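The sequence and the model are shown first, and the description follows.

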Amino acid sequence: MNSYTYFPGCSCSSEGGAKAYNWSIQAISKVLDFELRELDDWNCCGSTPSTSVDELGSYCLAARDLALAEKNGMDMVTPCSACYVIFNRTNSSLKAYPKLKAKVDKALSAGGLKYDGNVKVRHTLDILTRDIGYDAIKAKVKRPLNGLKIAPYYGCQAIRPDFGFDHPESPESLDKLITNLGGEATPFPLKTHCCGGSLIFSEETMALELTHKLLESAASNGAECIITVCPLCQTNLDAFQIRVNKKYKTNYKLPVLFFTQLMGITFGLEEKTLGLKNSVVPMDKVLAKIGQGVV
Amino acid sequence: MDKNPKTVKLIDEIAAIPGCEVVRQCIQCGTCTASCPNADRMEHTPAQLIAMARADMRKEVLSSNAMWYCLSCYMCTVRCPRGVQPTGLMHALEELSIRNDLVHTHLLTPTMYRLFNHYCSIGSLPELQFMTRFYLSTNPFNAWRMIPVAFNLLKRGRLSFKTRKLSPAGRKQLQDILNKAESIGGVA
């Protein structure tokens with residue numbers, strides 16, 4: 001059985017807005033028989049804002065988690081694209097810049113920790129598609145998607161700058177996953193474009209414009225729902241869809257699922273264990289099409 | 001190196017930051033600008049910022065609104081033919097702009113980032129507190145407009161009044177690490 005250190009990140013923690021992502025990952029891990037051991041007493045990775053305010057501090061935030069994870073001796077998996085990019089950036093910078101590493105080492109030692117750079121940090125999409133694999137996933141499908149048309153949305157930080165598991169501009173892992181679950185991945189030209197990220201709070205008009213383009217692209221290509229790999233992308237596309245509709249006088253009602261929720265649905269898992277009701281845009285129509293009980 | 005910002009050239013200061021040394025390789029092709037979803041909102045495009053930094057236009061570069069519009073989508077970083085990493089450069093310029101007290105005055109993003117970093121430094125980001133404090137401290141009218149969004153999230157249990165806390169030992173450990181980092185100074 002594959003075992004990993006698990007880093008949920010703030011959004012996917014039990015107090016976070018994307019807890020349904022976490023629930024669905026836990027639920028499918030049991031079906032696919034891999035183990036996730038949550039990192040004990042982890043702290044926020046710092047994300048992009050910390051990098052911009054206090055760069056050395058941001059390296060140290062990430063390094064504390066990596067040092068704790070190193071004691072477990074396993075790859076660390078995170079479902080959050082922001083955490084994923086921050087940890088990988090920290091790993092590559094500490095490796096490339098010995099002077100920086102010396103500073104971070106010094107800071108870590110003030111907390112009684114040391115980090116030798118041995119924790120490989122991976123995205124949930126990466127371990128599911130490459131370690132577990134499409135065939136093993138397909139073998140667990142009990143309720144195929146009946147040709148449901150799905151827009152595969154990768155966003156930015158799971159695939160860029162490039163930590164190696166999929167193409168930074170033309171990724172395919174989600175597309176292949178959809179096909180293996182019995183769905184149809186729609187053409188989605190904007191599948192790696194930005195949703196506006198955390199600037200949805202400080203520059204809402206700008207971020208809504210980007211989110212609007214994504215919804216328009218997905219809908220005009222016939223998608224009946226969108227799947228995402230990132231907590232923030234899901235929030236922007238799902239919770240802010242009403243703000244897009246208001247601003248652009250549109251009437252989008254596109255359900256936005258975490259890809260792990262979609263997997264759970266096809267595995268025949270209960271709605272409750274996947275947190276399907278946590279989404280703002282209801283997914284009744286999607287569930288009806290694949291013959292799952294309407295929530 | 002002489003670290004006095006009055007005598008150090010901006011381009012040297014930038015190039016001393018890990019990941020930013022490649023800035024000297026920029027050929028001004030503009031691929032970063034063409035790849036940026038927000039270039040049209042920036043007073044200076046990413047390529048212009050690099051040219052201005054080379055011309056040592058410290059005040060103009062560090063008080064530009066440009067870097068605060070960076071979404072960290074890394075499209076420019078992936079496409080740059082010279083291996084410059086404009087995304088990291090933008091983050092470095094944001095930090096330098098704060099350190100030099102030259103932050104563009106009509107932007108909310110710097111306030112949001114500072115508040116975010118404050119919560120990170122105590123261990124976890126409480127989303128409800130963060131959003132409430134940010135909207136009320138910047139533009140309460142925006143808080144008003146956010147009510148339908150927040151209501152939907154609250155109704156579905158996605159905004160929690162409970163906040164995640166580290167163990168007392170973990171929190172102290174994190175604080176000790178960050179205090180030490182602060183005493184060391186910056187990355188360069």
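## A helix of chain B

Is helix α6 of chain B mostly covered or mostly uncovered? In this predicted model, 12 of the 14 residues of α6(B) are buried, and the helix is thus described as mostly covered. The buried residues include B:Pro86, B:Leu89, B:Met90, B:Leu93 and B:Leu96. B:His91, B:Glu94 and B:Glu95 are also among them.

Helix α6(B) covers residues 86–99, and at 1.5 Å a residue its 14 residues should span 20 Å; the end C-alpha atoms are 20 Å apart, which agrees. After α6(B) comes B:Asp101, with a positive phi near 55°.

## The sheet of chain A

In chain A, 4 strands form an open sheet with parallel pairing, and their order is β6-β5-β7-β8. Strands β6 (184–185) and β8 (256–258) of chain A stand at the edges; each has a single partner strand, so one side of each is left without a neighbour in the sheet. Helix α13 of chain A, residues 259–266, packs on this sheet and touches β7 (225–228) and β8 of chain A. The direction of α13 makes about 80° with that of β8(A).

Strand β5 of chain A (residues 149–152) runs parallel to β6(A), and 2 bridges join them. Within this pair, A:Glu184 in β6(A) is the residue opposite A:Lys149.

## Domains within each chain

Chain A is divided into domain 1 (2–123) and domain 2 (133–289). Taken over C-alpha atoms, the centres of these domains of chain A are separated by 24 Å. The contact between them involves 22 residues of domain 1 of chain A and 26 residues of domain 2 of chain A. On the domain 1 side, the elements that give two or more residues are α1 (9–12), α2 (19–32) and α5 (81–96) of chain A. Helix α2(A) provides the largest share of that side, 10 residues. By type, the residues of that side divide into 15 nonpolar, 6 polar and 1 charged.

Chain B also has two domains: domain 1 (10–99) and domain 2 (109–184). Their C-alpha centres lie 28 Å apart.

Note on methods. Residues are numbered from 1 along each chain as its sequence is written. Chains are lettered from A and ligands numbered from 1 in the order in which they are written. This is a predicted model: local features need pLDDT of at least 70, side-chain atom pairs count only at pLDDT 80 or more; totals for chains, interfaces and linings use all residues. Two strands pair if DSSP finds at least two bridges between them. Two residues are in contact if their C-beta atoms, placed from the backbone, lie within 7 Å. Axes are lines fitted to C-alpha atoms, for helices over the stretch in contact, and angles run from 0 to 180 degrees between N-to-C directions. The expected span of a helix is 1.5 Å times one less than its number of residues. A residue is buried if 20 or more other C-beta atoms lie within 10 Å of its own, exposed if 12 or fewer, and partly exposed in between; C-beta atoms are placed from the backbone. Domain bounds come from an automatic or database domain assignment. Ala, Val, Leu, Ile, Met, Phe, Trp, Tyr, Cys and Pro count as nonpolar, Asp, Glu, Lys and Arg as charged, and the others, Gly among them, as polar.
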